[in-house]
Amino acid sequence: FIHTTDSKNQVDQARRVSDTMSSWDVGLFECCDTPLLCIASLVCYPCQMAYQRSGIDHSTSPSFADVLKAILCPCCCGILVRGSIREKYGFAGSFFQDAWTHCCCAPCAAVQQSRELRLKGIRPAGLCMTEEVDQQEYQHLYI
């Protein structure tokens, strides 16, 4: 009987934790909704990762170290950046889900992360996220 009660308490606790976790506001495969950002992520994925890292740190531009890490190991950098975003905003997920997402569809993940950060008030994609682009490409998310 005690074992059953402990299991029930663990399930209840897990349910409370999952109820407090949120999910991404932008879908992983909605990358074509923002064509300019999609192209930038395809052409210069390491740049996107460096800009996102700086956005999370509230810097105006990426540091040399961020750029170097993103160039030398873009997938690893992408996984770590995604994890930072997930932890900062309380999104459900794990390191393994972040790794799987970036290994299978890195450009889509980069676009999703940039758009999510933009919705949170951070402009992580440099020139790809001007006010004009925001008005055109994010208008449907605020309706």
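Cys-103 lies in helix 6 of this predicted model. With a relative accessibility of 55%, Cys-103 counts as exposed, because the cut-off for that class is over 50%. Its C-alpha atom is separated by 8.6 Å from that of Ile-79, a residue 24 positions away along the chain.

**The chain as a whole**

The chain contains seven helices and zero strands. Read along the sequence, its pattern is therefore written α-α-α-α-α-α-α. Of the 143 residues in the chain, 38% are buried. Among contacts between residues at least 6 apart in sequence, 68% join residues at least 24 apart.

Two packed helices are described by the angle between their axes and the distance between the axes.

| Helix pair | Angle between axes | Distance between axes |
|---|---|---|
| Helix 5 and helix 6 | about 65° | 8 Å |
| Helix 2 and helix 6 | about 130° | 9 Å |

Helix 5 and helix 6 are therefore roughly perpendicular to each other, and their crossing is left-handed.

Helix 2 passes helix 6 in a right-handed crossing. Here Leu-37, Cys-38, Ser-41 and Leu-42 are the residues of helix 2 in contact, and they meet Pro-107, Ala-110, Val-111, Ser-114 and Arg-115 of helix 6.

**Aromatic pairs**

A search of the whole structure finds three aromatic pairs. One of them joins Trp-24 and Phe-91: the ring centres are 4.6 Å apart and the planes stand at 40°, so the pair is tilted. Which parts of the chain does the pair of Trp-24 and Phe-91 tie together? Trp-24 lies in the loop between helix 1 (2-20) and helix 2 (35-43), while Phe-91 lies in the loop between helix 5 (74-89) and helix 6 (95-119), so the pair links parts that are 67 residues apart in sequence. Trp-24 counts as buried at 18% relative accessibility, because the limit for a buried residue is under 20%. Phe-91 is also buried, with a relative accessible area of 1%.

Phe-95 and Phe-96 form another aromatic pair, which is edge-to-face, with 5.7 Å from centre to centre and 80° between the planes. Are the members of this pair buried or exposed? Phe-95 is partly exposed, with a relative accessible area of 46%, whereas Phe-96 is exposed, at 65%.

**A cluster of rings and two charges**

Ring pairs link Trp-24, Tyr-89 and Phe-91 into a cluster. The charged end of Arg-82 sits over the ring of Trp-24, at 4.3 Å from its centre. Lys-120 lies over the face of Tyr-89, at 5.3 Å from the ring centre.

Key. Residues numbered from 1 in each chain as written. Predicted model: local features only at pLDDT ≥ 70, side-chain atom pairs only at ≥ 80, totals over all residues. Heavy atoms only, no water. Phe/Tyr/Trp six-rings, centres within 6.5 Å; stacked < 30°, edge-to-face > 60°. Helix = DSSP H or I, 4+ residues; strand = E, 2+ residues; numbered from the N terminus. Buried < 20%, exposed > 50% of the residue type's maximum accessible area, 1.4 Å probe, protein only. Lys NZ or Arg CZ within 6 Å of the ring centre and 35° of its normal. Axes fitted to C-alpha atoms, helices over the stretch in contact; angles between N-to-C directions. Left-handed = near helix turned anticlockwise from the far one by under 90°. Contact = heavy atoms within 4.5 Å. Parallel < 35°, antiparallel > 145°, perpendicular 65-115°, else oblique.
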